[in-house]
Amino acid sequence: KFLFWEYVMDSYSLLINIGSILGILMFFSLCKRESKSWKKALVVLLLSIVVIETGSFAGKLVRLLSYGVEIDLRKIFIEDHGTHFIGRVIFTVTVFPWLYRLLFCGTKKEWENYLDLLCIFMAFQHIFNRAACLSYGCCMGRFYKGPFAFQYFSDKGTGPGYSYSVYPTQLFEMACMILLLALLFVLYRKKKRLSSVFCSEFSVTIFLSEFMMDKQGTILIFGFSVIQFAAILLLVIAFLYFIVHKKMDCSRLFDG
């Protein structure tokens, strides 16, 4: 825990807040570079924050479905049941384009440019999300004794990661997000589209990571978790964005 004056913040909240603050600063800088206007960059930033925070309810829904908890919409909006970031990602990449075009009456190219920047932010944020989970001891993998097995050397906890070694799921996702973030920046510098790449790579990372997770108490359908089905849905969205990008490229060639 960390003490700020008289306010105590645990390492989980600290890491997530650090990721959010740094990510927001990075996202605002990229939006300002894209729009050439700090005012529009600020509006896009606020819109993005609203979408991502609203998407937390989709994340909560994914989490509740994973554990077979009775769905109570009132509790989803009032109580904190925990969340899963893939729910926010799915909500963001599907809702942001519509809200952007509704707010700015912008062209397809405009909303795609800002969605690409938002994908960079989400990849960056998830690095800190999993670092927070690692510090907190949650989202642990199942029992594993092979190469890269992970275990806390502490007597403060019991169960996965404490009483026995597990798959390093948090480290796996962090490494994947770092590689994805580097790839996104390379593609961004080359002026390539990022949304389909982000959605596909993020979905594959989550899908594979779930095989390493401790699934005690979770619902499995045909051997897959609800989170893995959410990852498959995100992969479908990635494919749809890929088709959109191809059509746009073809239309430019035809116009030329």
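With which residue does Asp-116 form a salt bridge, and how far apart are the closest N and O atoms? In the predicted model described here, local features need pLDDT of at least 70 and side-chain atom pairs count only at pLDDT 80 or more, whereas totals for chains, interfaces and linings use all residues. Residues are numbered from 1 along each chain as its sequence is written, and side-chain values use heavy atoms, with hydrogens and water left out.

The partner of Asp-116 is Arg-193, and the closest N and O atoms of the pair are 3.1 Å apart. A salt bridge is defined as a side-chain nitrogen of Lys or Arg within 4 Å of a carboxyl oxygen of Asp or Glu. Asp-116 belongs to helix H6 and Arg-193 to the loop between H7 and H8, so this pair ties together parts that are 77 residues apart in sequence. Helices (H or I, at least four residues) and strands (E, at least two) are DSSP runs, numbered from the N terminus. With a relative accessibility of 5%, Asp-116 counts as buried; the term buried denotes under 20% relative accessible area, exposed over 50%, and partly exposed the range in between (1.4 Å probe, protein chains only).

Arg-193 also meets Glu-112 in a salt bridge, at 3.4 Å from N to O. Because Glu-112 lies in helix H6 (residues 108-136) and Arg-193 in the loop between H7 and H8, the pair ties together parts that are 81 residues apart in sequence. Glu-112 is likewise buried, at 2% relative accessibility.

The structure holds four salt bridges. Among them is the pair of Glu-53 and Arg-88, whose closest N and O atoms are 3.4 Å apart. This pair links distant parts of the chain, with Glu-53 in helix H2 (residues 38-54) and Arg-88 in helix H5 (residues 85-104), 35 residues apart. Glu-53 is partly exposed at 45% relative accessibility, whereas Arg-88 is buried at 16%. In general, side chains of opposite charge can pair when their charged atoms come close.

The overall fold comprises nine helices and four strands, arranged along the sequence in the pattern β-β-α-α-α-α-α-α-α-α-β-β-α. Of the 256 residues of the protein chain, 45% count as buried. Among contacts (heavy atoms within 4.5 Å) with a separation of 6 or more, 67% are accounted for by residues 24 or more positions apart. Ser-200 is buried, at a relative accessible area of 18%, and touches Leu-235 and Ala-238 when residues up to four places away in sequence are not counted.

The structure holds zero disulfides, a disulfide being a pair of cysteine sulfur atoms within 2.5 Å. The cysteine sulfur closest to that of Cys-119 is in Cys-199, at 5.3 Å, which is too far for a bond. For Cys-139, the closest cysteine sulfur is in Cys-133, at 3.9 Å, again too far for a bond. Cys-119 is buried, with a relative accessible area of 0%, while Cys-139 is partly exposed at 24%.

The protein chain exposes about 14400 Å², of which carbon and sulfur atoms supply 67%. Accessible areas come from the Shrake-Rupley method with a 1.4 Å probe; for residues, only the protein chains shown count as cover. A nonpolar patch on the surface, with about 960 Å² of accessible area together, is formed by ten named residues, including Ile-219, Phe-222, Phe-229 and Phe-242. Patches are made of residues with over 30% relative accessible area and no salt bridge, like charges being joined within 9 Å and nonpolar side chains (Val, Leu, Ile, Met, Phe, Trp, Tyr) within 5 Å. Helix H9 (residues 226-255) contributes the largest share of the nonpolar patch, seven residues. Ile-219 lies in the loop between helix H8 (195-212) and strand E3 (220-221) and is partly exposed, at 35% relative accessibility.

The mean pLDDT of the protein chain is 83, and 82% of its residues reach 70 or more; pLDDT is the predictor's confidence in each residue, from 0 to 100. Confidence is highest in helix H7 (residues 169-189), at a mean of 95, and lowest in strand E1 (residues 2-4), at 48. The pLDDT is below 50 over residues 1-7, a stretch with eleven contacts in the model beyond near neighbours in sequence. Where pLDDT is low, the predicted coordinates should not be read in detail.
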